[in-house]
Amino acid sequence: MSRRAWGLLSLLTMLIAGCGSKAPYEGKSVAQLERMLRDSNATVQAQGAMGLAELGPQARSAVPALIHTLESSDTLVRRESAKALGKIGPDAQEAVSALVNACKDTEWTVRREAAIALGAVGTDDAQAVAALERLRKDPDSLVRKAAQASLQKLNPDAAAKAIPGRH
């Protein structure tokens with residue numbers, strides 16, 4: 001099964017499991033969602049991260065827990081943690097180093113979300129910019145596009161100059 005198919009299958013499974021009822025993370029506080037991140041079940045952890053992403057900047061106190069879950073052995077947990085950090089935005093500055101590390105993940109979905117998150121956090125960290133530059137050469141086109149978009153947000157002039165054919 002291809003990487004994209006696997007990612008879509010895992011997302012579809014989660015969506016089907018929740019049909020007919022509200023998502024397990026809906027209506028929960030930041031503290032409750034953080035507790036979900038510490039659950040031993042990876043699905044519960046991923047759902048906690050999804051809930052924190054829904055809260056966006058309101059979930060800023062969960063940044064340390066999300067940094068920790070970026071190191072999970074579960075791809076979905078890592079991906080959703082990176083996504084949540086991006087949704088928190090500039091208040092997730094302390095996660096930049098962890099997101100830079102996530103840009104080296106073996107799974108393209110995690111690399112993509114880490115790239116998107118770095119752009120949303122809005123860092124001027126040299127390591128973050130270097131990681132995004134490397135991702136512009138990623139084998140996956142969606143990762144490359146995410147890296148380019150984030151570089152454009154962080155430094156529009158430099159990103160435009162680096163694109164062949166653009167002035």
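The legends below describe close-up views of a predicted model. Local features need pLDDT of at least 70 and side-chain atom pairs count only at pLDDT 80 or more, while totals for chains, interfaces and linings use all residues. Residues are numbered from 1 along each chain as its sequence is written, and side-chain values use heavy atoms, with hydrogens and water left out.

**View 1. Helices α8 and α9 cross at roughly 145 degrees.** Helix α8 spans residues 126-135 and helix α9 residues 141-154, and their axes come within 8 Å. Axes are lines fitted to C-alpha atoms over the stretch in contact, with angles from 0 to 180 degrees between N-to-C directions; helices are DSSP runs (H or I, at least four residues) numbered from the N terminus. The crossing of α8 and α9 is left-handed, that is, the near helix is turned anticlockwise from the far one by less than a right angle. From α8, V129, L132, E133 and L135 meet V143, R144, A147, S150, L151 and L154 of α9, where contact means heavy atoms within 4.5 Å. By class, the residues of this contact are 7 nonpolar, 1 polar and 2 charged. Here Ala, Val, Leu, Ile, Met, Phe, Trp, Tyr, Cys and Pro count as nonpolar, Asp, Glu, Lys and Arg as charged, and the others, Gly among them, as polar.

**View 2. D105 in the loop between α6 and α7.** Leaving aside neighbours within four places in sequence, D105 is in contact with R78, V110 and R111.

**View 3. Salt bridges join R79, E80 and K83 into one network.** A salt bridge places a side-chain nitrogen of Lys or Arg within 4 Å of a carboxyl oxygen of Asp or Glu. E80 pairs with R79 at 3.1 Å between the closest N and O atoms, and with K83 at 3.6 Å. E80 and K83 lie 3 residues apart in helix α5 (residues 75-88), about one turn of the helix. E80 is buried at 3% relative accessibility and R79 at 9%, whereas K83 is partly exposed at 27%.

**View 4. The salt bridge of R111 with D138.** The closest N and O atoms are 2.7 Å apart. The pair links distant parts of the chain, 27 residues apart: R111 is in helix α7, D138 in the loop between α8 and α9. R111 and D138 are both buried. The whole structure holds 7 salt bridges.

Technical notes: Helices (H or I, at least four residues) and strands (E, at least two) are DSSP runs, numbered from the N terminus. Buried means under 20% relative accessible area, exposed over 50%, partly exposed in between (1.4 Å probe, protein chains only).
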